[in-house]
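Open the model in your viewer and keep the selection tool at hand.

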Amino acid sequence: MWSGVSEGGDASSKAGVTRACALNLLVYTTPWDDHGRLEDLLERINEQHPGRTLVLVAYRDTATPRLEGYVSMRCRLLGGTGKQICGEQVTIEAGGPLLETAATAIAPLLVSDVPVYLWWKDIPHYEDKLFDRLAQMADRIVIDSAAFDHPYDDLLRLSKMIDDKSRRMRVSDLNWGRLTSWRTLLASFWDVPAYRPLLDEIDRVTIKYRSPQDAPEEIAPKALLLAGWLASRLGWEVVGTAVGKATRGTEEGAVCELRAGDRSIALAFVRDETAGPDDVIISTVTLSAKNGAANFSVAKRTDGSKLETEAQIGSERSVGRVLAYEIRTEAAQLSRELAFLSRDAIYEAAVARVAQLVETIRNQKTTP
Amino acid sequence: MENPLRQGIRLEQAAEPCTVVIFGASGDLTKRKLVPALYRLVQQRLLPAEFGIVGLARTEMSDDDFRVKMRESVAQFSEAKTVDDEVWQSFAQGLYYLTADIGTADDYRKLAGLLERIDRERGTGGNRLFYLSVAPRFYAAAVEQLGRAGLTKPKDGSWVRVIIEKPFGSDLESARLLNQQIHASLDESQIYRIDHYLGKETVQNLLAFRFANGIFEPLWNRHYIDHVQITNAEAVGVEGRGGYYETAGVVRDMIQNHVFQVLSLVAMEPPAHLGSEAVRDEKIKAMTAARNFTPERVKAECVRGQYGPGSIDGKPVPGYRQEEGVAPDSTTETFAMLTMYFDNWRWAGVPFYIRSGKHLPKRVTEIAIQFQTAPHQLFGADVMEQVTPNQLIIRIQPDEGITLRFAVKVPGQITHIRDVNMDFRYGTSFGVQLAEAYERLLLDCILGDSTLYARKDMTERGWEIVMPILDYWAGTKGEGSFPNYEAGTWGPQAADELMERNGSRWRRP
């Protein structure tokens, strides 16, 4: 393919083609995914992370053996130089009994000595052999917990998978990446020395969220991850049972009881019924201390374009501020994850707490 | 007290509440760089809500006028060319302006009052960063007045820092005097002498490249390196700043500060850790080992030049002496080449060739490490004809990256050997826009990290090294037959001849 490029075209294009390879990106997807959109996204990813892309389209619903592959390349002009930076893409379509062995067709196609990222662009099939084989080839697995169709089950499986030390999986979650702005703004309250002692006196956390479309009865994974992060970072233990379903004004939600030493913390998940753009999952997070005497909140505007922060201590209100919330494209989110290779211990600890929360909420639901 | 929620928030550090006071707020730097950089830092959530900016200048202006002006600048110098109303309003609430004269004590009392008010209104906690973006002659007066008004002494648990722009002094004596003057009111740990070259990603990458890789450092010494070339070329001329340039010249303007900072990062020993003092200790240790210049050495190992009329990018440009504000018989150098040696174990006998100049063919800053030739030549002279010794080139600007040059056999029945380049380019491997140097440096100062700022000893050592050159050239003005290079060429022929005498050749960047 590359010799074809250097032989064809005029002299200027011959001189200008540079192959670049910083990583292998292995994409697992399904036939019903929007492939036009996926191609656009990979185009943009290649600009920031030039490398070899291997797309595995899995036909899970067919018994007919199928294994087909084709190769293409992707180039962009390097600003001002007239040079083209190129990477290649191999697409493999596999189905029937050959799906499970497709990994062996992929392994020899990986470029050696550069990291392998597996982007699992589907609902979790974490127990199946194909996932296991692909995951073993990968240095890091990128998932999106927002796409979980059974959030509680899937989060528990995710936690188990991460916890399984023998698999030593390093996981990136696009949904966790989307929480970075929230985490940064919540953390920034406690950079103010005067507020810092109040962090050890928090007694209530309220997270307002929109329900996942596929599972309206369950709490959105993003809201659970944020709660899991707070609990794990602040050493809040999940107490075995939830204190019950709480009603607060007209809003309904679940309340979990957490504990830090002698202090009890009520963690309330409140469903937000107002309409808004799809990507607004969390609408408000409020951390309260001293029985509501101090409140720290971050809220997203209904249109999703801005974040607003405010701290209130007694009758004093601190400086609030409004910041632009850049809605990152999926390509930008993925691109950011591809910059990291090491284990994300903070995420792993958050997921472990999420699993405890999910079990607690489930127990409470099944308890009459 | 540690903030447990901070840990693990990727790439993002915590800055404490503070107020940034910009002296010279009606100037170009404030609108082009400083306020846009602070705005971006706020938008990237790298600065807290409890944050304020005070612009200070002689021009009469209200807070609102200043906000309107700054809004225009931020929009103009942002990629989107526009700012959101509500987001701007939220940022602008923390923008203040004070009409003040640097020499008037009463204005500092007003400033102190305003800062206290901002502490109350915005919870900035008494932390203050004074940015002196004014003419160098005002540095000492501003610091002295700040000291008299009690503004340089931090209150309990808070901090006060001062950023001083370049040039830091115009010779060794004035730099020492300035250090002495500002030390009367400030401790060295409060002083941040800015050199925006150090904010550049590639300069910072020098540390990573040298000390995070195992294969280069063992070669980084006199046993394997033949010589080092540092080129700092500008395509532009004096750009209407002829008056200033007449008092400066390229050694003062570029070499003594920017180039020496880069040079010290190339020559230094590995620091014990990345703390600011540890890194800066190693830099000054290296510069202390730099061999001093004597008149004989200046004559034999340095070259000065001044551009005459020529052309850049195909367009004719006037000579230096024809520029506005320049004397028709000026002997100010617009080009200089220095041969430096470090008399220590690592570098004994290895020349470091430095050149910097205006109106050279293109804007480029790079470090080229030339390795020694292979000890025994297996291949015949005709086969090796096209081969140069191995080179490692670190490109600082533009097109930032690293290139390693080595010899390979040309495919075919006959043995031919040729040089090839192995290239790394930031633009192709990361595809990200590199952060603006001022953003990084301002954030570092707010975070209290002075690694990328010049310490007192380094500024003085820089002057110590160049003074004999400047003195010798000042005393032998008649000897330079200026202009001696055409604008748009790589400097005077004498620079090439000096390299040839040493058996080397300038790389064409």
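Select chain A and chain B together. In this predicted model, 43 residues of chain A are in contact with 34 residues of chain B. The two chains bury about 3300 Å² between them, and 54% of that area lies on carbon and sulfur atoms. Now pick A:Asp191, A:Val319 and A:Arg321. These residues of chain A lose the most area to chain B, together 19% of what that side buries.

The rule finds four salt bridges across the interface of chain A and chain B. Zoom in on B:Glu86 and A:Lys306, whose side chains form a salt bridge at 3.6 Å, N to O.

Color chain A by element. Helices H3 (35-48), H8 (180-189) and H9 (221-233) of chain A each supply at least two residues of the side that touches chain B, as do strands E16 (306-313) and E18 (321-324) of chain A. H8(A) gives the largest share, eight residues. By class, this side of chain A has 24 nonpolar, seven polar and twelve charged residues.

Last stop: chain B. Select helix H9 (residues 250-267) and helix H10 (residues 276-288) of chain B, which pack at an angle of about 95° with their axes 9 Å apart. H9(B) and H10(B) are therefore roughly perpendicular to each other. From H9(B), show B:Phe260, B:Gln261, B:Leu263, B:Ser264, B:Leu265 and B:Ala267; they meet B:Lys283, B:Ala286 and B:Met287 of H10(B). The contact of H9(B) with H10(B) has six nonpolar, two polar and one charged residues.

Conventions. Residues are numbered from 1 along each chain as its sequence is written. Chains are lettered from A and ligands numbered from 1 in the order in which they are written. This is a predicted model: local features need pLDDT of at least 70, side-chain atom pairs count only at pLDDT 80 or more; totals for chains, interfaces and linings use all residues. Side-chain values use heavy atoms; hydrogens and water are left out. Axes are lines fitted to C-alpha atoms, for helices over the stretch in contact, and angles run from 0 to 180 degrees between N-to-C directions. Helices (H or I, at least four residues) and strands (E, at least two) are DSSP runs, numbered from the N terminus. Angles under 35 degrees count as roughly parallel, over 145 as roughly antiparallel, 65 to 115 as roughly perpendicular and the rest as oblique. Contact means heavy atoms within 4.5 Å. Ala, Val, Leu, Ile, Met, Phe, Trp, Tyr, Cys and Pro count as nonpolar, Asp, Glu, Lys and Arg as charged, and the others, Gly among them, as polar. Buried area is the accessible area (1.4 Å probe) that two parts lose on being put together, summed over both.
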